[in-house]
Amino acid sequence: MLEGKAIVGETDMLEAMQHDALQLAAKALDFFDVIDATEIARFIKKEFDRIYGNGWQCIVGTDFGSFVTHCSGCFIHFCVGSLAILLFKGSTESESEPEPDADHQFSASIIV
């Protein structure tokens, strides 16, 4: 388990959703080797789709950049050891949306 080992970088999620993200990351790391970043991302994404509805995106790796638009309250970036995990519910900007979406530019580079 990663309890106490995850470092949350940036988030706008409610605490309960953050807790789910960290718990699912721990579970994924129990199931998959740390080098299986795609499988870890797939596991977390599918579980968040199941729990919170479709549209989640998950990026896992040691060196990546991103610029994403996401639904408000649906973004977290955290690190577990050498892995950075970016999880967000994707969104398109639309005039009909009640709350503006947020944009996040992010670069992760983990040096071990």
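A word on ground rules before the tour. The model is predicted, so I ask for pLDDT of at least 70 for local features and 80 or more for side-chain atom pairs, while totals for chains, interfaces and linings use all residues. Residues are numbered from 1 along each chain as its sequence is written, and side-chain values use heavy atoms, with hydrogens and water left out.

Let's start with the helices. Helix 1 has 17 residues and spans 24 Å from first C-alpha to last, close to the expected 24 Å. The expected span is 1.5 Å times one less than the number of residues. Helix 2, residues 37-52, has 16 residues and reaches 22 Å, close to the 22 Å expected. Just after helix 2, Gly53 has a positive phi of about 95°.

Which residues of these helices are buried? By buried I mean under 20% relative accessible area; exposed is over 50%, and partly exposed is in between, with a 1.4 Å probe and protein chains only. In helix 1 the buried residues are Met17, Gln18, Ala21, Leu24, Ala25, Ala26 and Ala28. They pack against strand 1, helix 2, strand 2, strand 3 and strand 4. In helix 2 we have Ala37, Ile40, Ala41, Phe43, Ile44, Glu47, Phe48 and Asp49. Their cover includes helix 1 (15-31), strand 2 (56-61) and strand 4 (83-90).

Glu47 counts as buried because its relative accessibility is 19%. The side chain of Glu47 also makes a polar contact with the side chain of Arg50, at 2.7 Å. A polar contact is a pair of N or O atoms within 3.5 Å; within protein, one must be able to donate a hydrogen and the other to accept it, and residues adjacent in sequence count only if both atoms are side-chain atoms.

Now to the core. A nonpolar core is a set of buried Ala, Val, Leu, Ile, Met, Phe, Trp, Tyr and Cys residues joined through side-chain atoms within 4.5 Å. In the largest one, with 22 residues, the members that touch the most others are Ile44, Phe48, Val60, Ile85 and Leu87. Helix 1, helix 2, strand 2, strand 3 (63-80) and strand 4 each give two or more residues to this core, and helix 2 gives the most, with 6. Take Ile44: leaving aside neighbours within four places in sequence, Ile44 is in contact (heavy atoms within 4.5 Å) with Leu24, Ala25, Ala28, Cys58, Ile85 and Leu87. Apart from this core lies another, of 7 residues, including Val68, Cys79, Ala84 and Leu86.

On to the rings. The structure holds 6 aromatic pairs. Rings of Phe, Tyr and Trp (its six-membered ring) pair if their centres lie within 6.5 Å; planes under 30 degrees apart count as stacked, over 60 as edge-to-face, and the rest as tilted. Phe48 and Tyr52 make a tilted pair, 5.0 Å centre to centre with 35° between the planes. These two are 4 residues apart in helix 2, so about one helical turn separates them. Phe48 sits at 0% relative accessibility and is therefore buried, whereas Tyr52, at 27%, counts as partly exposed. Phe48 also pairs with Trp56: the centres are 4.8 Å apart and the planes at 70°, so this pair is edge-to-face. Elsewhere, Phe31, Phe32 and Phe43 form one aromatic cluster.

What about the cysteines? A disulfide, here a pair of cysteine sulfurs within 2.5 Å, turns up 0 times. The sulfur of Cys71 has its closest cysteine sulfur in Cys74, and at 5.2 Å that is too far for a bond. Cys71 is partly exposed, at 22%, while Cys58 is buried, at 15%.

Last stop: Thr11, in strand 1 (residues 6-11). Thr11 is partly exposed, at 29%. Which residues does Thr11 contact, leaving aside neighbours within four places? They are Gln18, Phe75 and Ile76. The side chain of Thr11 reaches the backbone nitrogen of Met13 at 3.0 Å, and a polar atom of that side chain lies 2.8 Å from the backbone oxygen of Phe75. Thr11 and Gly73 are 62 residues apart in sequence, yet their C-alphas are 8.0 Å apart in space.
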